[in-house]
Amino acid sequence: MDFGIKGKAAIVTGSARGIGRSIAEKLAAEGANLVITDVNEEMAKATAGEIASKYGVKAVAFKHDVSKSDSTEAVMDGVMKEYGKIDILVNNAGITRDTLMMRMKDEDWDLVIKINLTGVFNCTKAAIRHMMKARSGSIVNIASVVGIMGNAGQANYSASKGGVIALTKTTAKEVAPRNITVNAIAPGFINTDMTKSLPKEVTEKFLTVIPFGRYGEPDEVADAVLFYCSNLARYITGTVLPVDGGMVM
Ligand SMILES: NC(=O)c1ccc[n+]([C@@H]2O[C@H](COP(=O)([O-])OP(=O)(O)OC[C@H]3O[C@@H](n4cnc5c(N)ncnc54)[C@H](O)[C@@H]3O)[C@@H](O)[C@H]2O)c1
């Protein structure tokens, strides 16, 4: 099936590993040319090299801190030089600094909001300038189920992801007249390095509230991103799709 992805220029932030890498691979498999951005430059370069040779597409890597607008502007300029357009932006970069609110340090609150929420604002603002001129584009923001339902021990993270959901809807309304779609995905518990470090009692507790009775895999999130970026979703904007084995319903 032709999803209309071939030849598109796709930026995936924080895609050196984990869900972001899986999203980049999924889009590359459909013929998109990729931009791998990450704070970890070495890993981003390795990932871009592997994707280019595995899928026969172009893939470039940029060192990028999404929380910084100058770093983000530099990436967008680099992408325009390389591909001359930005068709797809997936705002995936994110971090956790979990602890109960009583113990949460101001700097851990600030850092998570700065990367997870301000990062989405920075990248979206810089990319839509080019998408609006082209009168086309797809933006997918990776939020989280905890941005919908909250989670003890994640005040900073859940607030950032709830903010991403609200930002998704506002951006969708602002850019719809220019034929740009903006949607969010709310993953549940996905098997990645981010969740690997959680204590066993936390991961076991999660399993009891997942109707599917198992954790999700990165490529199951990537499938939903592919749908949003494809021509199948051309009339869908401002939505939030949980990919969570039924955690939120
Ligand atoms: N794993 C889960 O269960 C889960 C659930 C819901 C949502 N998410 C979200 O999915 C996204 C990816 O998560 P993951 O599990 O793959 O995490 P991960 O830690 O495996 O990967 C995150 C990547 O982002 C990069 N990164 C961190 N800070 C950055 C910055 N300032 N600028 C650019 N890149 C940066 C990291 O270097 C890393 O490569 C995140 O937004 C996360 O909040 C994950």
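Two residues are taken to be in contact if their C-beta atoms, placed from the backbone, lie within 7 Å. In this predicted model, that criterion picks out G18, I19, S22, I23, K26 and L27 in α1, which meet P218, D219, V221, A222, D223, V225, L226 and C229 in α9. By class, the residues of this contact of α1 with α9 divide into 9 nonpolar, 2 polar and 3 charged.

**Overall form**

The protein has 9 helices and 7 strands. Its radius of gyration is 17 Å, close to the 18 Å that the globule rule gives for 249 residues, so the protein is as compact as a globular protein of that length. Taken along the principal axes, the box filled by the C-alpha atoms is roughly 45 × 40 × 40 Å.

**Two helix pairs**

Two packed helices are described by the angle between their axes and the distance between the axes. The table gives these values for two pairs.

| Helix pair | Axes come within | Crossing angle |
|---|---|---|
| α1 and α9 (residues 218-229) | 8 Å | roughly 50° |
| α3 (residues 69-83) and α4 (residues 106-134) | 9 Å | roughly 30° |

For the pair of α3 and α4, the axes cross at roughly 30°, and because angles under 35 degrees count as roughly parallel, α3 is roughly parallel to α4. The passage of α3 across α4 is a right-handed crossing. On the α3 side the contact is made by S69, T72, E73, M76 and M80, while α4 contributes N122, C123, A126, A127 and H130. Sorted by class, the contact of α3 with α4 has 5 nonpolar, 4 polar and 1 charged residues.

For the pair of α1 and α9, whose axes cross at roughly 50°, the angle makes α1 oblique to α9. The crossing of α1 and α9 is right-handed.

**The shell around the ligand**

Altogether 28 residues surround the ligand, and the closest of them are G14, G18, G94, T192 and M194. G18, listed among these closest residues, is also one of the α1 residues that meet α9. In terms of class, the shell around the ligand divides into 12 nonpolar, 12 polar and 4 charged residues.

Conventions. Residues numbered from 1 in each chain as written. Predicted model: local features only at pLDDT ≥ 70, side-chain atom pairs only at ≥ 80, totals over all residues. Axes fitted to C-alpha atoms, helices over the stretch in contact; angles between N-to-C directions. Helix = DSSP H or I, 4+ residues; strand = E, 2+ residues; numbered from the N terminus. Parallel < 35°, antiparallel > 145°, perpendicular 65-115°, else oblique. Left-handed = near helix turned anticlockwise from the far one by under 90°. Nonpolar A, V, L, I, M, F, W, Y, C, P; charged D, E, K, R; others polar. Near = placed C-beta within 6 Å. Rg over C-alpha atoms; globule rule 2.2 N^0.38 Å.
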